[in-house]
Amino acid sequence: MKPDEPGNRRRGGRRQRAGDHHGAASEHHGGSGPNGAGDEHGDSEAQLTRSAHGDSAAFTHLVKTHSSALHGYFARRMPAASEDLLAETWLQAFAARRTFDPARGSARGWLFGVAHNVLNQQLRRAGRQQEPVPGPDVTDPWQVVDQRMDAAAMAPALRRALAELSVEERELLLLISWEQLSPTEAAAVVGIPAGTARSRLHRARGRLRDRLTLPRPAGRNLTATGDLA
């Protein structure tokens, strides 16, 4: 039979369809394609859903993917308790994994919501009414901010300006600028509608801009930029 006769085309078609199916499966599971290594967060919704149905390996994947970001969240707020708070977050996330609904938001946002609740529980146990304002000993978040402003001059004023915001406004700003959540994800973490979060972010950023215009010897001013502006 010649290569272009119908029989060969049919067999070739079957082989091609099988290959397409295999490729789609590999992409779905974060395979070794060019984007496979960068799809960890994009696959988290599926991993969290699978873990809710008894797939322990899927939850292990979530722990590996998100522990660093969640640890940073705690280290920037209660550094002395960050390890314990991270462990408690994963315990509570595992217990509540069946409550995750991908239609209501991302797995990353859901996990930060659990972390936010764990932090508030710790603050209540310690008799504190609000989240701490970042102090001079917190250096990790300034790695990003340093690229956008003269941090040595700006940091003390920024801490004072953040302290003047409401707890909710401050947390929204920090979730976006430090934790790289979207405004919608940040709104879900603090438990308010996305539209409300955007209006409060706009107000908080305006207040920061008003506070963070500092005179410099050369006559130039320092102003907040990027996520904080």
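Q: What counts as buried here?
A: Buried means under 20% relative accessible area. The model is a predicted one.

Q: Then where does tryptophan 110 fall, buried or exposed?
A: Tryptophan 110 has 18% relative accessibility, so it counts as buried.

Q: And phenylalanine 100, buried or exposed?
A: Phenylalanine 100 is at 10% relative accessibility and therefore counts as buried.

Q: New topic. How many aromatic pairs are there?
A: The count comes to five aromatic pairs. One of them is edge-to-face, between phenylalanine 59 and tryptophan 90, at 5.7 Å centre to centre and with 85° between the planes.

Q: Where in the chain do those two sit?
A: Phenylalanine 59 is in helix H3 and tryptophan 90 in helix H4 (residues 82-95), 31 residues apart, and the pair links distant parts of the chain. Both phenylalanine 59 and tryptophan 90 are buried.

Q: What about phenylalanine 100 and tryptophan 110 as a pair?
A: Phenylalanine 100 and tryptophan 110 are edge-to-face as well, 6.0 Å centre to centre with 70° between the planes. Phenylalanine 100 lies in the loop between H4 and helix H5 (107-125), and tryptophan 110 lies in helix H5.

Q: Which residues form a cluster through ring pairs?
A: Phe59, Trp90 and Phe94 are linked that way.

Q: Switching to helices: at what angle do H2 and H3 pack?
A: Helix H2 (residues 44-52) and helix H3 (residues 56-75) pack at about 140°, their axes 8 Å apart. That angle makes H2 oblique to H3.

Q: Which residues make the contact?
A: On H2 they include Leu48 and Arg50, and on H3 they include Phe59 and Leu62. The contact residues divide into four nonpolar, six polar and one charged.

Definitions and conventions. Residues numbered from 1 in each chain as written. Predicted model: local features only at pLDDT ≥ 70, side-chain atom pairs only at ≥ 80, totals over all residues. Heavy atoms only, no water. Axes fitted to C-alpha atoms, helices over the stretch in contact; angles between N-to-C directions. Helix = DSSP H or I, 4+ residues; strand = E, 2+ residues; numbered from the N terminus. Parallel < 35°, antiparallel > 145°, perpendicular 65-115°, else oblique. Contact = heavy atoms within 4.5 Å. Nonpolar A, V, L, I, M, F, W, Y, C, P; charged D, E, K, R; others polar. Phe/Tyr/Trp six-rings, centres within 6.5 Å; stacked < 30°, edge-to-face > 60°. Buried < 20%, exposed > 50% of the residue type's maximum accessible area, 1.4 Å probe, protein only.
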